[in-house]
Every structure is written in C-alpha cells, then in structure tokens.
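Dear colleague,

I am passing on the structure below, together with some notes on what came out of it. Please read them with the model open beside you.

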Number of protein chains: 2
Amino acid sequence: MHTLTVGLADRSYPIHIGHGLLARPELFLPHLPHGKVAVVTNTTVGPLYLERLKATLEQSGIGTIAVVLPDGEQHKNWETLNTIFDALLQNRCDRRTPILALGGGVIGDLAGFAAATYMRGVPFIQVPTTLLAQVDSSVGGKTGINHPLGKNMVGAFWQPLAVITDTATLDTLPDRELSAGIAEVVKYGLIRDADFFAWSERHATELLGRRPEALQEAISRSCRNKAEVVEADERETGERALLNLGHTFGHAIENALGYGSWLHGEAVAAGTVLAAGLSSAMGLITEADVERIVRVYRLARLPVAAPDLGADRYLELMGLDKKVQGGRLRLILLRRIGEAFVCGDAPEALLKGVLSHPAHCPS
Amino acid sequence: MHTLTVGLADRSYPIHIGHGLLARPELFLPHLPHGKVAVVTNTTVGPLYLERLKATLEQSGIGTIAVVLPDGEQHKNWETLNTIFDALLQNRCDRRTPILALGGGVIGDLAGFAAATYMRGVPFIQVPTTLLAQVDSSVGGKTGINHPLGKNMVGAFWQPLAVITDTATLDTLPDRELSAGIAEVVKYGLIRDADFFAWSERHATELLGRRPEALQEAISRSCRNKAEVVEADERETGERALLNLGHTFGHAIENALGYGSWLHGEAVAAGTVLAAGLSSAMGLITEADVERIVRVYRLARLPVAAPDLGADRYLELMGLDKKVQGGRLRLILLRRIGEAFVCGDAPEALLKGVLSHPAHCPS
C-alpha cells in the first residue's frame, strides 16, 4: 500500500492506494468515531462492492446506511441529490455522521456535495472505484451537480477526511471506463510532468491490460501531481485551472451530445486534442508534439476526433463554461509537453479554425 | 454610521450600520471590482428599495442583474434557489460576479446559499432590510434552504464580503416583523449579555416605536455579540450553538404549523419561554427570571405561549432537529439571565411536563 498526504493545514488528509483495501477496517475506523456511516453508491457498484465494505465495517461495530442511486452522469442532478438528503433525514443522520462515497466520479461528486451541504457540512470519505475517480476526482475536494444550462455549475469545495483506493475494484471496470481514466493520467504528464507523460506513452498498453504494477504507479504518480496542485491552489484561483486542460472543449462536447453520451475522459481526450491543435496553430508546440498526444490516446483507445458541431455552436457552448472570467474566454493551452498555461487571448480566427475542423488531426 | 468588524482571518468583513446607506456607493464599490452584481430580492422589498440601490450602483458604473423571488419562508426551497441559478447562468455571471442579498433572512439565506454553491462559490454581500436579518441572520455566514423534513437542513457556511445595514429600510417593515426582530435582540442579552438584556427591557417600547437611536444601538450591540460568538466558533462546534436558544423548540413550532405561519422570531420567542420554563423547572433560573423574559416579549408584542401540540409531537419534531448529536437531544438552557449553556441531559419528565402545558407561563 502507498500512502500520500494532501497537505491543506487543518484539512490535510491521506490517500491510501493498494490492492484489497476494502477489507482493511483499520483504514476506515479512524474516520468513523461515532459508529455509523452513510454509504452512497449506485446500482452498478453497489452489487459488486457494498457487501464487502459493509462486512468490513460491521465486523468493527460500524453500522451502515446504504443509499443506492441510479448509475450515470445524467443522474448528477438535484433530484438525485435530494434522494440522499431524504435518506439521511429518514435515518436521523446528524452533523457527525460521515458520508462515504463508494463509486466513480459521479458518486463522489454527488455524495461530496451532499456532505458539503447536509446540515451545512458533515464529514466525508472517498472510496473511488473507477480509474478516473482514483487518479483525479476523488482528490482535491471538488463536488457538485450539473444544471440544465451547464456541467458542474452548482457545487462546493469540500475536502474528504481520507481517500481509500482499492485497486482491486478496477477488476470489474468496463474497458471503456478504464480508457477514460487513462485520459486523466495522460493529462498530468501534459500539464506539469513530462517524465510522467513519457512513462504513460511507454505503459499505455500495460495500463489497458490492467497490469497491477502499472495501475498502482499511474494512480500514485497522478495523485502526487494532483495533491501538489491542490496544495498550491485549493480553490482554483490560479494553477489549479491547469487541471482543466481539454475540459472547456470537453464540457462543450458533453453538453452538446447530452451528459452521459461520451464519458468524461473521452470528451477530455478529444478536447485536449483540440487544445493541442490550437497550441500548435499558435506556434507553441510542434505538430510532432500533437502527434505524440494523439498517439498515446489512440494506444489507450480514446477518441481523438471531437464531433463536428460547427465553430459557432462550440463557442456558444464554451461561453457558458465557468472557466470564463469577466466575459473573456480563458483556455488551458500547452507551451510544451509538460507545461500548460492559462491563455486569455487566443486569436479567435485560430480558435475558429480548429473548431471548424475538429476531426482534422495528424494521422 | 457605525462600523464593526467580524474577525475571521482572511475572511474578515465589515458591518456598516447607519441611516441612508443605500445611497452611499463608496460602501459598495470596494466589493464590486468587476462592474457587475446580481441583486437577489423579493416581490415585497424589490419595489421598495431595488431602484434606490440600482441608482446608487449605476451612477458608479456598476451594472445590476435583478433576481426577484416570491416572498416568504415557504419559498426557501430548492425550486426558488434554482431560479437564482437560472438567472445567473442566463446572464452569464461567472465566478467573479458577486451576489448581493437585498431583503430579510429568507433572501439572505437563499442568496447566500446560491453564492456558496454557484460555480462552487462566488463573492457575496448582505444588505439586510428587516430587523431580524440586521441583528442576526446577515452576520456569521449561515446560509441554506429548508427540506420538507426539516428547516435549514441543506446549506453551507459562506461569509459575506460585507454587511451593509441601512436602518432607513426599517421604516417600511411591518409591525409584526419588527417585533420578530426584537426577539433576536433579546436573545443576545439572555445568552451572554445581562446588561444588554436589561437595556432591552428598558427600551422595548422605544424599539417598537422605531426610535432611530434605539434601533441603531440594538443593532450595533446585537452585531457585536454575534460577531464575538462567530469569531470564537465559526462552524458551530461549541459556543455558537448558544445562539440557538429557543430555536429547537421554535423550529418544532414552525415545522408543525407549516413554515411561514408563525414568523421565525415569534417561534423563537415562544420557544425561549419553553426553554426558560424548563430551566426553571430544573432549578437553574427562578420563576421571577421567567417572568422577566415573558414580560419583555409581551412589551415587544411577541407570543409567549407555544401552541399545544402535545409533548409526544414536540419530541418527534425535535428529534429531527440538527442540534441532535449522536441521537441525544441537546437543548440550550439558561443558567441565569445572561448565561446560556448546552444541556445534553435534561430530565425527560421535566421536558415532557413543560411541553405538555406549553401555554402555562407566568402572568
């Protein structure tokens, strides 16, 4: 087992990463001093892992309240959130009852936002079961739900007490979701860790083959990068925005196609190819760099061609993105592989050019 | 104009209290650096003060987006909150666009919770227009909405950048709401400031007569007390709970009768009489103290007799209150006038006795 720490003064917390951690009560008990926990999961993950977790907790005298939600990004909304509140109130959970998220990014975001707002905030524990959640969304405290007019438009920063990542849960992850998680692994290399990008190029096939050592290393190095960024900029007033590489384009794709049609990681991959294409058109990175990026996504079986929505529709969708400040579009672009920056003045003609031919990428 | 400060490190903020402050742009401008603000108000306060505020801001080049909500506690729910999100998104408000609450406690709670959660948090300014909001709810960062199963069950702590209290707005406050605000003024004296309680006894009639000097002093002394409590315990892990004197009983009353039937301050007054009655039954305060409390409420034209719901119904309603910890009821009781404490072991027989005869109070 690896343990990292996210250092945020009195809100610091450990990330435990290892195989079979769901069976280790000593990782959970320090955060459950009151004998009771509300476990939020979904209809896919629940049948696979809920009983295992409950058994571990119950053998230590911890009672569990299970809240099983429907699966899918399209349920990341107020109605689903309210079913969590209903269950918490009906079971008389109070301010000291922790909420534990057992599932992927959607469950973490929903359960985390419930924890941030139930009785103005209760303790929260992340137990991510998808690669995407393990390398990205479970760390850093972003929680929230979607609004019909935009993704993640309503939410809060709410740090967990601990992230407990059992890599054994990846055994049952569908191939497509494994690939989507690799997109976020690649992202860390692109924005701030060229060595890790090169590592991901060499190990993409092993990751896809679920080699345990490769997965463990990918998760640990990703979490280390994420923790450093969050420690420097918890509330995304600066550097943390770089983690959104490919996300402004990606959110536009998800929004246009309807949440849940493309997986988040898929949209981020295709969105990153657009960001890389724009960076190249602006003379920042080379065509060869773009080709490396496209190649690693292809190795990971991720889409590299964004849908052709027309430049105007893209711009409209991106205008509602919350990365817009003072009415001006801010994009995360690449200065080189391993170095991203916030660009507030990308030439509109170049942006439109890239958006007009979203499927045009190097072969 | 009086200015107090709530000292919360990097989240400290001023409270300005004075007559005619809505006409003073220099109080607003430091918090509106980006030329745009979303003003949340309601159908009662909007027609009275929105144009005045807009004129002040527009003469300084600040554009306003007005969000006018229906008036009343029964609208403090998700549906109303969502109309704020809709307006913010339709007007392309981003993370830097402040939300300003122009209204009473319900508007402050709704607008504040919108500010806490829109794009995971945007700047917030309180401009309270009721006495209750001016002396209590606008200070300290509590925000939230009601849930069908309980009041304020969903919310967040989100401190404003400033509280700007124009006492001229009290000119149009209905008598009943003025009285409800006085209930919270009396509360500070009861829980931690015996001199201020004695002051409120001497000045209750002047407050009811809207004497400007009396109102200004009541607001300033109340805010000073509130600020000290919040500074010591922002997230209500200890002393801040004392501010809930009368609230556990009061919430039960509001919940039983339907939110909005009794005003919050009215329920708190009647609830405080129950808390005082229990404190007296437990031998903590004297019958004479209870009589003083009843007398000051009567001077302020507040109800002193809680509705007769039956002890069992009261206990049921109180069991869902968020002041319950680990399944045990915690009540705020009085050791003497000017000193409240959290009581976790009030004898059930005495509690039931008080709840069985809620209208039985000294004449």
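The largest nonpolar core has 231 residues, and among its members Val40(A), Leu110(A), Ala114(A), Val40(B) and Leu110(B) touch the most others. By a nonpolar core I mean a set of buried Ala, Val, Leu, Ile, Met, Phe, Trp, Tyr and Cys residues joined through C-beta atoms within 7 Å. A residue is called buried if 20 or more other C-beta atoms lie within 10 Å of its own, exposed if 12 or fewer do, and partly exposed in between, with C-beta atoms placed from the backbone. Leaving aside neighbours within four places in sequence, Leu110(A) is in contact with Val40(A), Leu69(A), Lys76(A), Thr80(A), Leu81(A), Ile84(A) and Ile145(A), where contact requires that the C-beta atoms of two residues, again placed from the backbone, lie within 7 Å. As general background, nonpolar side chains in soluble globular proteins tend to be buried together.

Please bear in mind that this is a predicted model, in which local features need pLDDT of at least 70 and side-chain atom pairs count only at pLDDT 80 or more, while totals for chains, interfaces and linings use all residues. Residues are numbered from 1 along each chain as its sequence is written, and chains are lettered from A and ligands numbered from 1 in the order in which they are written.

Along the principal axes, the C-alpha atoms of chain A fill a box of roughly 60 × 40 × 35 Å. Of the 363 residues in chain A, 54% are buried, and among the contacts between residues at least 6 apart in sequence, 76% join residues at least 24 apart.

The domain assignment, whose bounds come from an automatic or database source, divides chain A into domain 1 (2-170) and domain 2 (175-203 + 232-356). Their centres, taken over C-alpha atoms, are separated by 28 Å, and the contact takes 16 residues from domain 1 of chain A and 18 residues from domain 2 of chain A. On the side of domain 1 that touches domain 2, α5 (131-137) and β8 (150-157) of chain A each supply at least two residues. The residues of that side divide into 7 nonpolar, 6 polar and 3 charged, with Ala, Val, Leu, Ile, Met, Phe, Trp, Tyr, Cys and Pro counted as nonpolar, Asp, Glu, Lys and Arg as charged, and the others, Gly among them, as polar.

As for the two chains together, chain A can be laid on chain B with an RMSD of 0.0 Å by a turn of 180° and a shift of 0.0 Å along the axis, using a least-squares superposition on the C-alpha atoms of residues with pLDDT of at least 70 in both. The two copies are thus related as by a two-fold rotation axis, and the same surface serves both, since 100% of the contact residues of chain A recur in chain B.

The contact between the chains takes 31 residues from chain A and 31 residues from chain B. On the side of chain A, the elements that give two or more residues are α3 (78-90), α4 (105-117), β7 (142-147) and β8, and the largest share, 6 residues, comes from β8(A). This side divides into 13 nonpolar, 11 polar and 7 charged residues. With 16 C-beta neighbours inside 10 Å, Trp78(B) counts as partly exposed.

Finally, two backbone details deserve a look. Met119(B), in the loop between α4 (105-117) and β6 (124-128) of chain B, has a positive phi near 50° although not a glycine, and is buried, with 23 other C-beta atoms within 10 Å. Arg301(A) also has a positive phi, of about 55°, and lies in the loop between α11 (287-299) and α12 (311-319) of chain A.

With best wishes

Definitions and conventions:
Helix = DSSP H or I, 4+ residues; strand = E, 2+ residues; numbered from the N terminus.
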